[in-house]
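Hi,

Here is the structure I said I'd pass on. Have a look at it first, and then read on for what turned up.

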Amino acid sequence: MKKFELKSKFSPSGDQPQAINNIVNGFQKNKFKSQVLVGATGTGKTFTMGNIIKELNCKTLVLAHNKTLAAQLYSEFKEMFPNNKVEYFVSSFDYYQPEAFLPKTNTYIEKSSQTNSDIEMLNLSALNSLVERDDVIVVASVAAIYASSPPDEFFKNRVSYKKGQIIKIKQVQYELVNLNYQRNDTDVTHGKFSVKGDVMEIGPGYTDEFNYRISFFGDEIEDIAKIDPLTKQVISKLDNVVLAAADLYLANKDTLEESLKRIKEELTQTHKNFLKQNKLIEAQRIMERTTHDIESFKEFGFCPGIENYSRHLELRAEGQTPYTIFDYFKKNWLLIVDESHMMVPQIRGMYNTDRSRKETLVEYGFRLPSALDNRPLNFNEFLSKKDKVLYVSATPNQWELDQSQLTTEQIIRPTGLVDPIIEIRPTENQILDIEKELKIQIKNKERTFITVMTIRLAEELTEYLRNKNIKVAYLHNELKTIERFKILNNLRKGIYDVVIGINLLREGLDVPEVSKVLILDADKPGFFRSDKSLIQIIGRASRNVNGKVIMYADTITEAMDVAIKETERRRKLQIEFNKKHNIIPKTVIKPIALDLSRNDANIDFDDLIAKGKKAKEKIDKAIKKLREEMLEAAKNQEYERAAYIRDIIIEIESSKK
């Protein structure tokens, strides 16, 4: 087995060495199956995870609660493990409106989606690597718990060719078409192939970094080479090549007849049941829709909504757990649940949400009951799939702590930064006090976050501060990706002095220039003022050496008390460590690399969105430029930038409608 090789100019420091040793020993010596890493903001949890993977030396699946965080982790692990396989597995939909029926208004909503071929390719690459290698890290979103191609079928849906092999070129074409490759003699991209005389060029479904060229002499394979897709220059000569399917999901043609028989039997029974209940419209609807799908299967081997027949296509029993990427990890593997306080509840909720929608479709004859088996894993199934699991969070839920056989803290930051000072002030005259604090911040050229509880207060405070000539922006949930990221970048540059928001818990808010966080209504009940939420908000001021948090409250709630005491405990440990090791804290230096308001296309996004249809030509030109930027960013492994540019493209396209 090839070992994981971690490449970095840094060595574990602060709390990282003890955290790595504790967790690795827990899994190896004590045979623990479940552990928790409580890592304070800015302590280098990702680097710790990388070292744990290196020491355990086993396949690893890292779960992140959204695509942005997954892209960030993917980029960091790619940098840490350049000689191993790091893969990205997230939903391939740029836009997805699931099929649904609203009985109250008698409204049927057809499935509508826009897939991203680049992400589909990355997902296919992840499965292919898991089948072929052991030194694999897959960074995935909640898409990991949704149905995927069965591992045995995926392994069987592969062809291999060797130099000197006797085989007709027509046979190779036939085998590739069976794996969903398409012939294209002018542009061979991933999932395509060309035939020119005795030479075939094949774009593997899982990558666009290279193509394969197979040269024939009669019916013999004379030469196999890996070539550059653009220049056609030979990268390397090969003795053999193995090609996986061009798509993630392939219907098994050998069992299609049995699958269709099962679908017909279920249709007959479902139709009878509707007639018995005198549901004539539903009976007619299910008969017409399913018959049409069966005809499509016979004619094309495919139908719209094919995933709803996955139980029959895979010959699974009713209620049987669907196959997911978890089934590609066999024995001795590691699951890391990053930001577990967000990820675990997300996994827990997906099954019920999906089932509720599909039950309505089944009840009104839009889908056969077997469509209910096209689903994500339920929570118990998810738990049954894991081998070794590490929950990572600054504020883990009690459930993770109860599940854990060992909890390890990582409190000390390699930068020497300590948790911020917390001060409680009364709500009386709080607006005047805020104005005073902001003037001090502006004088010191430092930035501020203010978090409030209501939209009304956010809007009124924003207006008040503007009237006082304070450069302020309001970060609310209706802001699109372009505007949101633009505001945060402008805060870092000093174009704004302060940003006001209701939810300051989201990702992308690590702004080292922010030295002060003001929390209004700190004593109000609710999710945004729970102890865990307060700790997360406090962490926003932990990347600056002058970090301070002011809570405006008239009473100290239990949540406030817990958050304050925990922050003080961590701060004391951090200060003692710094004194012992003569460490002088330094503010995090983070370059402003992601600037989407200025780009190669010189596009004014605000202008484009405002003009809508009047700027159609300008919009089309902008989209073309942005797509080029997105692909370039993806090829340079700047996945966070690529993801945000993708979101911008979607938003600009929607402005045309």
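Aromatic pairs first: there are 14 of them in this structure, which is a predicted model. One is Phe101 with Phe366, a tilted pair with 4.8 Å from centre to centre and 35° between the planes. Phe101 sits in strand 5 (residues 100-102), while Phe366 is in the loop between helix 10 (340-363) and helix 11 (379-385), so this pair ties together parts that are 265 residues apart in sequence. Phe101 counts as buried because its relative accessibility is 7%, under the 20% cut-off. Phe366 counts as buried too, at 7%. Ring pairs also link up a cluster made of Phe326, Phe329, Trp333, Phe379, Phe382, Tyr391 and Trp399.

Next, a helix pair. The axes of helix 13 (residues 430-443) and helix 14 (residues 455-467) come within 12 Å and cross at roughly 50°, so the two are oblique to each other. The crossing is right-handed. On the helix 13 side the contact is made by Ile431, Leu432, Glu435 and Leu438, and on the helix 14 side by Leu461, Tyr464 and Leu465. By type, the residues of this contact come out as 6 nonpolar, 1 charged and no polar.

Last one: is Thr567 buried or exposed? Thr567 belongs to helix 17 (residues 558-580), and with a relative accessibility of 3% it counts as buried. Leaving aside residues up to four places away in sequence, Thr567 touches Asp419, Pro420, Ile422 and Ile538.

Cheers

Conventions: Residues numbered from 1 in each chain as written. Predicted model: local features only at pLDDT ≥ 70, side-chain atom pairs only at ≥ 80, totals over all residues. Heavy atoms only, no water. Axes fitted to C-alpha atoms, helices over the stretch in contact; angles between N-to-C directions. Helix = DSSP H or I, 4+ residues; strand = E, 2+ residues; numbered from the N terminus. Parallel < 35°, antiparallel > 145°, perpendicular 65-115°, else oblique. Left-handed = near helix turned anticlockwise from the far one by under 90°. Contact = heavy atoms within 4.5 Å. Nonpolar A, V, L, I, M, F, W, Y, C, P; charged D, E, K, R; others polar. Buried < 20%, exposed > 50% of the residue type's maximum accessible area, 1.4 Å probe, protein only. Phe/Tyr/Trp six-rings, centres within 6.5 Å; stacked < 30°, edge-to-face > 60°.
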